[in-house]
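Dear colleague,

Please find below the structure that I am handing over to you. My notes on it follow directly after.

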Amino acid sequence: MSTLASEAFLRSRAAIAAAGAIHAPLLGLKRPSLGEVADRTLVVAKGGTMPIRRAFMPERHERRIEVMHFTGAKPAEIIPDMLRDELSYPDMLAHELKGAVLFGSSLYCGRARHFLGGDSGRWGRLMSGGVVDRRQEVALSTTMWGSVYWANLLYEDLPLQMAAAEFGEVVSHERAEYCHEGAYREWFGLARPREFRVLSARKWVFLEDNGVSRHKLGRLRAMRRRAEGVAPTGKRVYIRRGAGGEKRTLVNEEALLGRLEAEGFVVVDTAHDSAEKVMAALLGAAVVMGVEGSHLAPAVFLAATGALFLVLFPPRRVLPVMTHVAAACGLRVGLAVCEGVSDEVGEFSIEADDLLGFIGDAERHFERDRVAVG
């Protein structure tokens, strides 16, 4: 069979598999998960609990938290989650799949469909171009959230790639590359996996690697290892975020930056500065601060061990995931909640004296904690 004929056959086979899974609910058929259709499931690591250093949040800032605009969570639910001193996590599982196919942005197996994010799902595009192939044993190294958010790529997809390499050839679906991704992959020594538009394999391994587990923490710490070999610089860094993603506008940021620079902070802007400039500022830093968002994630891997990781939250968007990762990786996490300035969910402010007071309070809090533990 010629290469073109073989590719056409693989595309057609994948399209049929995708159509069956997509239309199953219309026929009244349950759409199972990939785990439910797996030929075999292995427990890679057992679930459990893990202690972390509790974050610091001033009481005056706790009172500013409002109902989350996208989940409806109330302050009474949010605060204990943000201030956890223990994380729980499920088993890490490896599902072995036979007869599965990657078609665009989804992996299909029987009636199961697992969406991986990205924009390669348009059928006309899928029936031509791209890399189409057949393999023996492969392991998927990408997630939906890693295809959408830069932070998730760093603390979910890259550790997943490290684990996937133990199970077969590491592969990915097609997705757009983040602007700074290449520089960070080079730093971590994790090359971008080969991407496919259509892929058939004799055996797929699909990993469930949810939460911050002890097993994942080992991989996250391996990603930090190179930075831990760098002498601490004592730098204090403020990271500005770009305009992408959900709106988060600190309306008085320009005025705040003047005060912070006078206090010795270095300011970097992820929307305009090169990856190399941002990385140089963060490497070995003693304090890293910025508005909540994916742009802060590199600090988890580059700041000095025990660095202050200070996050400014809009009052209706207080989220724990990155702060839990940072705490598990050995950073000391401080949480500042800003004040809303209008009906716009994404517009907020914090007074300069309040912000500087928060920084000082966080430093004193963790110094007392260090002395008490010592």
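Strand β15 (residues 287-291) is largely enclosed by the rest of the structure, because five of its five residues are buried; buried means under 20% relative accessible area, exposed over 50% and partly exposed in between, with a 1.4 Å probe and protein chains only. Helices (H or I, at least four residues) and strands (E, at least two) are DSSP runs, numbered from the N terminus. This is a predicted model, in which local features need pLDDT of at least 70 and side-chain atom pairs count only at pLDDT 80 or more, while totals for chains, interfaces and linings use all residues. Residues are numbered from 1 along each chain as its sequence is written, and side-chain values use heavy atoms, with hydrogens and water left out.

Two strands pair if DSSP finds at least two bridges between them. Strand β12 (residues 236-240) runs parallel to β15 and is joined to it by three bridges, with Arg-236 standing opposite Val-287. Five bridges join β15 to β16, also in parallel; here Gly-290 has Val-311 as its bridge partner. Together, β15, α12 and β16 make a right-handed β-α-β unit, right-handed meaning that, with the strands pointing away from the viewer, the path from the first strand over the helix to the second runs clockwise.

A separate point concerns an open sheet of three strands, with the order β13-β19-β18 and mixed pairing. Its edge strands, each pairing on one side only, are β13 (249-250) and β18 (339-340). β13 and β19 (residues 347-349) run parallel and are joined by two bridges, and Thr-249 stands opposite Glu-347.

Helix α8 (residues 181-188) is mostly covered, with six of its eight residues buried: Glu-181, Ala-183, Tyr-184, Arg-185, Trp-187 and Phe-188. These buried residues pack against α7 (150-164), α9 (214-228), α11 (275-282) and α12 (297-302), where contact means heavy atoms within 4.5 Å. After α8 comes Gly-189, with a positive phi near 70°.

The pockets may be of particular interest to you. On a 1 Å grid over the protein atoms alone, a cavity is a set of points where a 1.4 Å probe fits but cannot get out, whereas a pocket is an open set with protein on both sides within 12 Å along at least five of seven lines; lining residues have an atom within 4 Å of a point. Grid points are joined across faces, edges and corners, and a volume is the space filled by probe spheres set on the points.

The largest pocket holds about 960 Å³ of space. Of its 36 lining residues, Tyr-149, Ala-151, Arg-248, Gly-293 and Ser-294 lie nearest its centre. The largest share of this lining, five residues, comes from α7. By class, 20 residues of the lining are nonpolar, 10 polar and six charged, where Ala, Val, Leu, Ile, Met, Phe, Trp, Tyr, Cys and Pro count as nonpolar, Asp, Glu, Lys and Arg as charged, and the others, Gly among them, as polar.

About 560 Å³ of space lies in the second largest pocket. It is lined by 27 residues, and Glu-156, Asp-209, Asn-210, Gly-211 and Lys-216 are the closest to its centre. Its lining has 13 nonpolar, nine polar and five charged residues.

Yours sincerely
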